[in-house]
Amino acid sequence: MGELAERLSALAQRSGTSVAVAESLTCGKLSSALGAAPDSAEWLRGAVVAYSAQVKHEVLGVPEVPVVSETAARAMAAGVRSLLDADIAAAVTGVGGPDPQDGEPAGSVWLAVDTGTERFARHEQFDGEPAEVLEQAVEVALTMLLTAMEDNAIRS
């Protein structure tokens, strides 16, 4: 994950792109990975760790839907991008396990990225213990952010 965060840092610095994240399932692990990257103070706007459904609804603008859903992930990404005035934002919500939540099995994760002009989401079903699910979710979120930033740099 360190290599992904370093690549993201270099691209953010070159392009002048600011980044924000909203996390539920990963409970700060994604923002910690980004914060450990070189010169993160220059491009990382911050993060909202919204573990509670109430925080997702009231702070990030998630509508009254299951919080482990595509709609919730998209709303979280849009909400944190707006709240922290970032150019790009990612969000992660899911079920670490061992029990299901919102009708979703353990390992079910929704991830989203919002660039202001483009929004996309992805569902993953990860295997493993809760700690392994979190690691995999952070890696996919970093990859999604990096890909979106690379695509945006190509279009600029």
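How accessible is Arg 122: buried, partly exposed or exposed? Arg 122 counts as partly exposed, at 37% relative accessibility; buried means under 20% relative accessible area, exposed over 50%, and partly exposed in between, with a 1.4 Å probe and protein chains only.

## Basis of the model

The model is predicted: local features need pLDDT of at least 70, side-chain atom pairs count only at pLDDT 80 or more, and totals for chains, interfaces and linings use all residues. Residues are numbered from 1 along each chain as its sequence is written, and side-chain values use heavy atoms, with hydrogens and water left out.

## Salt bridges

The count comes to 5 salt bridges, each defined as a side-chain nitrogen of Lys or Arg within 4 Å of a carboxyl oxygen of Asp or Glu. In one of them, Arg 122 pairs with Glu 124, the closest N and O atoms being 2.5 Å apart. Glu 124 is buried, with a relative accessible area of 18%.

Arg 119 and Asp 114 form another, with their closest N and O atoms 2.9 Å apart. Arg 119 is partly exposed at 46%, whereas Asp 114 is buried at 1% relative accessibility.

## Record annotation

An unreviewed UniProt entry lists residues 3–148 as "domain: CinA C-terminal"; positions follow the numbering used here, feature names are shortened, and annotations may be inferred rather than shown by experiment.
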